[in-house]
Amino acid sequence: MITVPEILYLAQLLAGLTYALGAVLYGSPLPFRTIKQWGSNMMKDGVYVLVWTTIYWAVINFADQVQGWLGASWPCYFNKLNSIGNQMMWLLSFMGTLGNILSKLFVYIAPLSAFTSLLSDAYEFLILLQAVSYLVYHDAGLFIAIGVLLMSLPFRIGRSAGATLIAFTLTFWVGLPFMWNFIYLVDYNAINYILNLETLAGTALHVHNIIGYALSLEAIIQMFQNIGFVFQQLVIVTVILPVAYILLLGAITAGLADAIGGYSGRLPLVIV
């Protein structure tokens, strides 16, 4: 497998090639202003990529520092993510068992089926988020190096893609662990409710008592109200607030990508 230093070395070679091609175009005797402008831009691009290969490790260390300033960490992030995932797996199993019991008692379980379907969708979203998180956590350095390599391609073939990849990796590497802090700030009670094992266990015990001792219309309505409240909190914690936070990170990524690969990404000095 290719390593980060090898990717950066290849990016340096391509940056040198880009600079050389730019110098050829700029110094060509062809009397076309567009060609000379392209040559000038390619020379700047070559130097710009060389700067990125030089500051690569400094950028990685700075991103770590910013993450520390935010008071977030990947171990805590994964710990909460796994805890909520386990809660959802337990609840899915419980809902399946409850559905079987109610169906045998000829109880109308359409609301229960809707709750289970919604919970399954939320759990799948959490699994997707977990997969993306592990990818960013383990391969952030590799993604940034690949982004630099894409930006080094001549004629700006991969400049936009490379800048976007770098911006995405930096933003999500720094910001994703802060997601639970964000959810705590927005809805402290909801996430505490979901992370509280005794709350869900108490709900299960209450439902068990209803089924075992007092299966009445009022009891079933109360049971669904309790389950509905649990699902409301789950949807807030696992779907609504995470999606809102990811959209916020996406907006930051777009701005940072423009800064890296757009007009703000040009060197503030005259090359030619």
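How many helices and strands are there in the protein chain? There are nine helices and zero strands, where helices (H or I, at least four residues) and strands (E, at least two) are DSSP runs numbered from the N terminus. This is a predicted model, in which local features need pLDDT of at least 70 and side-chain atom pairs count only at pLDDT 80 or more, while totals for chains, interfaces and linings use all residues. Residues are numbered from 1 along each chain as its sequence is written, and side-chain values use heavy atoms, with hydrogens and water left out.

**View 1. The protein chain as a whole.** Of the 272 residues, 43% are buried (buried means under 20% relative accessible area, exposed over 50%, partly exposed in between, with a 1.4 Å probe and protein chains only). The chain exposes about 14100 Å², and carbon and sulfur atoms supply 69% of that area (Shrake-Rupley method with a 1.4 Å probe; for residues, only the protein chains shown count as cover).

**View 2. D45, R156 and R159 in a network of salt bridges.** Side chains of opposite charge can pair when their charged atoms come close. The structure holds two salt bridges (a side-chain nitrogen of Lys or Arg within 4 Å of a carboxyl oxygen of Asp or Glu). In one, R156 pairs with D45, and the closest N and O atoms are 2.6 Å apart. This pair links distant parts of the chain, with R156 in the loop between α4 and α5 (159-175) and D45 in helix α2 (residues 33-69), 111 residues apart. R159 also meets D45 in a salt bridge, at 2.9 Å from N to O. Because R159 lies in helix α5 and D45 in helix α2, the pair ties together parts that are 114 residues apart in sequence. D45 is buried at 5% relative accessible area, and R159 is buried at 6%, whereas R156 counts as partly exposed at 22% relative accessibility.

View 3. Look for Q130 in helix α4 (residues 110-151). Is Q130 buried or exposed? Its relative accessibility is 18%, so Q130 counts as buried. Leaving aside neighbours within four places in sequence, Q130 is in contact with L81 and N82 (contact means heavy atoms within 4.5 Å).
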